[in-house]
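Here is a friendly note to read alongside the model. Please keep the sequence and the 3D view open as you go.

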Number of protein chains: 2
Amino acid sequence: MFKIIIIGGMAAGCKAAARLSRLSSDYQITIIERNPFISYGNCGLPLYAAGEIDDFYELAKTGYGVIRDEKYFLDVKGIKVLTNCEVEVINTSQCEIQYTDRKNNETNILQYNSLIIATGSKAVKPGFPYKSSPCISSFHSPLEAKNFKEAAQKGKVGKAVIVGGGFIGCELSEALVSLWGIETTIIEKEDSLLLKSFDPEIAAIVENTIRLKDVNVMLSTEVEKIEFDENELPVVILKDGAQIQSDYVFYNLGIKPESTLAEKAGIKIGTLGGIVVDENMKTSIPNIWAAGDCVEVNNLVTGKPDYFSLGSLSNRMGRVAADSIAEENSSFKGAVGTISLKIFNTTITASGLTEKNAKDCGYNVGSVIGAWSDRPDYHPDVKKLFGKLVYEKPGFKLLGLQLIGEGEVTRYIDVFSELLANNQTAFDLINLEHGYTPPHSSPISPLNYLGSMVINQEKNKVKNINPNQVPFFDGIFIDLREPLEIEAAGFSNKVIPIPLSEIRAHRDKFEHSQPIMFLCERGPRSYEAARIFMNYGYNNISYLGGGNSYYKAAGKKFDIKV
Amino acid sequence: MFKIIIIGGMAAGCKAAARLSRLSSDYQITIIERNPFISYGNCGLPLYAAGEIDDFYELAKTGYGVIRDEKYFLDVKGIKVLTNCEVEVINTSQCEIQYTDRKNNETNILQYNSLIIATGSKAVKPGFPYKSSPCISSFHSPLEAKNFKEAAQKGKVGKAVIVGGGFIGCELSEALVSLWGIETTIIEKEDSLLLKSFDPEIAAIVENTIRLKDVNVMLSTEVEKIEFDENELPVVILKDGAQIQSDYVFYNLGIKPESTLAEKAGIKIGTLGGIVVDENMKTSIPNIWAAGDCVEVNNLVTGKPDYFSLGSLSNRMGRVAADSIAEENSSFKGAVGTISLKIFNTTITASGLTEKNAKDCGYNVGSVIGAWSDRPDYHPDVKKLFGKLVYEKPGFKLLGLQLIGEGEVTRYIDVFSELLANNQTAFDLINLEHGYTPPHSSPISPLNYLGSMVINQEKNKVKNINPNQVPFFDGIFIDLREPLEIEAAGFSNKVIPIPLSEIRAHRDKFEHSQPIMFLCERGPRSYEAARIFMNYGYNNISYLGGGNSYYKAAGKKFDIKV
């Protein structure tokens with residue numbers, strides 16, 4: 001028999017094992033997993049912690065309710081699974097691995113013809129001092145989720161601190177507040193949440209969403225250390241000396257590839273700490289493949305190595321590793337890094353590079369920002385949608401998109417992701433065909449609009465202004481909204497009000513070279529007015545992307561120089 | 001001034017006019033519309049008729065609540081709009097049009113430098129005899145929607161008949177039943193609803209959805225004529241002699257291009273009755289463009305002319321016509337025909353060709369059918385999703401997709417639409433990256449699965465069987481579900497039950513050349529078992545796509561030869 005060993009029994013490892021077992025009965029497949037569980041949906045841990053899923057094993061069930069445990073893998077797939085077993089050494093020259101069975105502390109050696117490393121990721125540990133405690137958790141493993149849930153169920157968690165405002169931190173805050181009513185604080189050392197995938201002005205909408213649910217968000221705040229009070233409960237001590245008493249501390253400071261074992265075996269590790277693989281998931285050493293969160297992947301936008309920890313990619317990588325071993329034709333060329341999360345009814349998605357990332361990569365970056373209704377305004381279910389598109393100025397090549405809203409959001413990031421993977425441009429956005437029906441979308445999709453906004457900005461010089469640039473704008477602001485709208489929520493009394501329907505009548509009122517910025521509720525009226533003024537010979541015209549609705553969504557005040 | 005006349009004040013015409021007004025102030029733009037209303041969202045008419053939108057003018061409002069009427073177009077866009085004015089003649093040699101103002105019956109002549117024809121579509125009239133009556137309507141215009149709504153509000157509509165089971169017919173049935181409690185019958189002469197975009201086995205799910213809401217669906221049924229009873233109410237008389245008493249009859253027999261005016265002017269009309277245009281929306285006659293529902297477009301899948309009536313395409317065509325007049329660089333290369341509708345909480349979408357269409361076009365067609373959960377099974381909001389993919393066997397080129405479900409559906413059709421427009425293959429489906437998060441999707445998307453199903457069928461010979469082929473299958477059926485599932489809803493006692501976990505133990509029980517079809521609840525277990533048996537040397541193995549869940553969704557009985 002051809003012996004295949006797979007180290008790691010989560011998405012990538014189990015997918016590879018299952019695929020191999022389907023491709024041939026000639027393989028003797030063994031999965032070795034150091035934890036007691038395998039093949040569970042770890043993206044569901046926040047739901048489990050929140051109590052929306054009662055039983056942890058729900059996360060490990062097939063669609064027909066059978067738990068994917070050792071017996072399932074053996075009976076159904078003919079795959080042997082060793083849980084609680086930790087591989088300690090990969091002896092590449094002998095094609096064997098040595099593992100310790102934690103159930104009896106015995107050490108064994110297994111031979112392989114092919115080896116797949118699917119060791120996943122690990123939580124980044126805090127740099128500040130703290131002692132380990134059941135009340136301090138990275139929420140990275142099911143055991144940690146279970147511990148927290150039991151404590152919450154016993155009413156032991158009244159206050160919690162989340163150190164790190166990334167994806168898991170934000171998702172957790174919902175679980176803590178909505179379901180357990182825990183007084184929750186997020187501490188983030190940067191000046192914005194979700195910085196890896198969102199520019200600050202978009203993350204500000206997320207921040208406001210979370211704040212409105214009574215989560216205390218502390219930005220630009222660093223933890224000095226964690227101490228314990230007389231009841232052995234953690235006290236978070238900040239660099240400025242402030243102290244936050246709590247019952248539970250989560251640190252969510254990012255995750256990194258679990259590649260120690262591979263590194264020890266002499267397998268090539270990349271600059272980001274992940275295992276280096278080719279398109280077939282082959283590592284630098286013969287007969288060894290790697291897949292999932294332990295590898296670095298090619299960023300299809302930049303062409304450089306990147307690190308994404310995404311269950312969707314892990315599954316695809318696992319399949320490709322299996323196909324490669326079985327000499328089936330498939331490949332994994334990389335990813336654009338499309339992420340999606342839902343927090344308090346708000347769906348937050350991004351694909352590709354943020355403006356900051358793109359600049360750091362050396363691109364000549366342009367961006368546009370906008371607000372739309374996610375379906376026709378006459379539809380009773382209409383919701384707001386905000387987005388920022390990042391592109392390369394020469395050629396209008398797409399670089400990234402950030403979208404946020406309470407209604408239809410994910411469909412647009414999925415399509416954008418595909419365009420991005422194929423090096424497409426803003427013109428391709430304009431030409432997109434989508435499944436239009438009023439209950440789900442508008443006839444012109446936000447992606448169509450974003451494409452037009454780029455072309456209008458670059459070719460026709462109608463500047464789209466990001467709200468974060470408003471304080472630096474030195475010129476005239478004209479509010480195009482109707483009097484009733486302005487009364488309800490005005491920008492500022494420093495802004496000249498002229499409803500759009502009257503703007504043509506004011507076409508000779510201003511200096512043609514004077515910088516003028518048009519403002520309205522969402523943007524389209526401002527764009528319209530900008531074109532009107534430009535057609536009449538004004539040459540320094542811009543409009544505010546997202547308009548007043550952006551400020552409302554971000555809970556910010558419109559802030560101008562006076 | 002450069003004079004531009006636009007005939008038709010709906011999506012394409014208004015979009016072209018608005019774009020032209022933004023591109024330059026040198027254009028004198030006139031829209032001529034024969035109806036009293038312009039620029040309303042006519043896809044919202046069913047919502048208006050249903051009462052979900054109170055006021056018709058909601059459909060014609062901007063996002064900030066201003067009605068897009070003559071005054072709005074003049075004040076904001078500098079565009080003159082003539083409503084209730086019907087163009088009777090286009091004199092192409094003189095570059096002028098003659099129209100009659102219905103308000104005073106005066107006839108006028110206008111000159112143009114450029115003319116855009118955006119006359120839209122018209123309802124196909126019934127072939128059977130009927131006399132015109134306020135109780136017989138095509139539901140194609142706002143006046144018809146208004147008349148019906150007033151009758152319904154007065155309680156005058158207890159029973160209604162919809163002749164024609166296409167999109168509008170199905171959408172209307174929801175409005176009639178859900179909101180007005182009207183006893184409703186759909187009469188369709190073909191043996192399936194929605195035949196233009198859906199194969200019968202997928203349309204059967206729609207049919208069942210509608211039937212479960214107490215709509216009476218009569219397929220393969222033809223109307224002989226409509227007569228009137230002593231109260232002047234319509235009686236629908238069928239070819240078989242049966243009579244259906246009703247208060248209101250809608251005929252929804254499809255729509256066709258309103259191209260009579262263009263044809264009279266000598267403009268080239270295509271085989272489908274639509275105006276022929278190039279990629280810039282130019283017609284066969286200089287200085288005349290056409291856009292929207294009155295034109296035929298290039299089907300990007302077949303490369304042949306096709307006819308789609310979609311607001312999303314009309315907007316894009318209107319923009320391109322304007323750009324062409326203004327000598328801006330843009331083009332409309334055609335469409336794949338992506339449609340979407342929502343009926344009774346079920347979202348129904350399709351893109352490209354049905355299996356029948358594809359065969360009629362001469363393709364060597366393959367197809368796969370499947371059922372999935374739209375997010376992880378552990379998620380509380382999980383919903384079923386059914387789909388059928390149509391492809392060309394050589395090269396696995398994508399030809400079409402039909403998807404139906406109550407949850408996340410539209411995102412997949414949007415992405416598919418983009419792949420289809422770019423001539424992509426099943427391999428590209430496997431490599432798709434999507435925004436994965438448990439509240440919105442599974443790590444492996446239905447599109448990823450569909451791609452794998454095609455490759456597995458074509459390369460690895462694991463046949464996916466369409467439920468409509470089951471009655472013709474001459475072999476052994478094996479039900480892989482757990483005993484509990486079978487008790488709850490068994491296929492048939494003619495089917496051999498062997499749970500998946502025991503299938504390996506039965507690997508020597510059957511003739512290796514015997515045709516065997518595996519069945520389960522949705523399909524994955526059957527696929528798994530098929531691979532297991534094939535690996536053990538069986539060579540005539542297939543599995544039922546969509547499994548028992550398909551029969552449940554379609555309200556059908558599993559039907560086998562015995």
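Predicted model: local features only at pLDDT ≥ 70, side-chain atom pairs only at ≥ 80, totals over all residues.

1. Residues are numbered from 1 along each chain as its sequence is written, chains are lettered from A and ligands numbered from 1 in the order in which they are written, and side-chain values use heavy atoms, with hydrogens and water left out.

2. Begin with the two chains.

3. Next, see where the chains meet. In contact (heavy atoms within 4.5 Å) are 88 residues of chain A and 88 residues of chain B. About 7500 Å² is buried between them, with carbon and sulfur atoms giving 50%; buried area is the accessible area (1.4 Å probe) that two parts lose on being put together, summed over both. A:R22, A:Y378 and A:E433 supply 11% of what chain A buries against chain B, more than any other three residues.

4. Six salt bridges are counted between chain A and chain B. The term means a side-chain nitrogen of Lys or Arg within 4 Å of a carboxyl oxygen of Asp or Glu. B:K77 forms a salt bridge with A:E528, with the closest N and O atoms 2.7 Å apart.

5. Now find helix α12 of chain A, residues 446–458. (Helices are DSSP runs of H or I with at least four residues, and strands are runs of E with at least two, numbered from the N terminus.) Of the 13 residues of α12(A), 12 are buried, so the helix is largely enclosed by the rest of the structure. Buried means under 20% relative accessible area, exposed over 50%, and partly exposed in between (1.4 Å probe, protein chains only). Among the buried residues are A:L450, A:M453 and A:I455.

6. What is the size of the largest nonpolar core? It has 349 residues, and those with the most contacts inside it are A:I90, A:F518, B:I90 and B:F518. Such a core is a set of buried Ala, Val, Leu, Ile, Met, Phe, Trp, Tyr and Cys residues joined through side-chain atoms within 4.5 Å. Leaving aside neighbours within four places in sequence, A:I90 touches residues including A:I7, A:Y112 and A:I288.

7. A:V382 counts as partly exposed, at 27% relative accessibility. Beyond its neighbours within four places in sequence, A:V382 is in contact with A:S373, A:D374, A:R375, A:P376 and A:D377.

8. Finally, a pair inside one chain. A:E485 and A:R525 meet in a salt bridge at 2.8 Å, N to O. A:E485 lies in helix α13 (residues 483–488) and A:R525 in helix α15 (residues 524–535) of chain A, so the pair ties together parts 40 residues apart in sequence. A:E485 is buried at 17% relative accessible area, and A:R525 is buried at 5%.

Definitions and conventions
Expected span 1.5 Å × (residues − 1).
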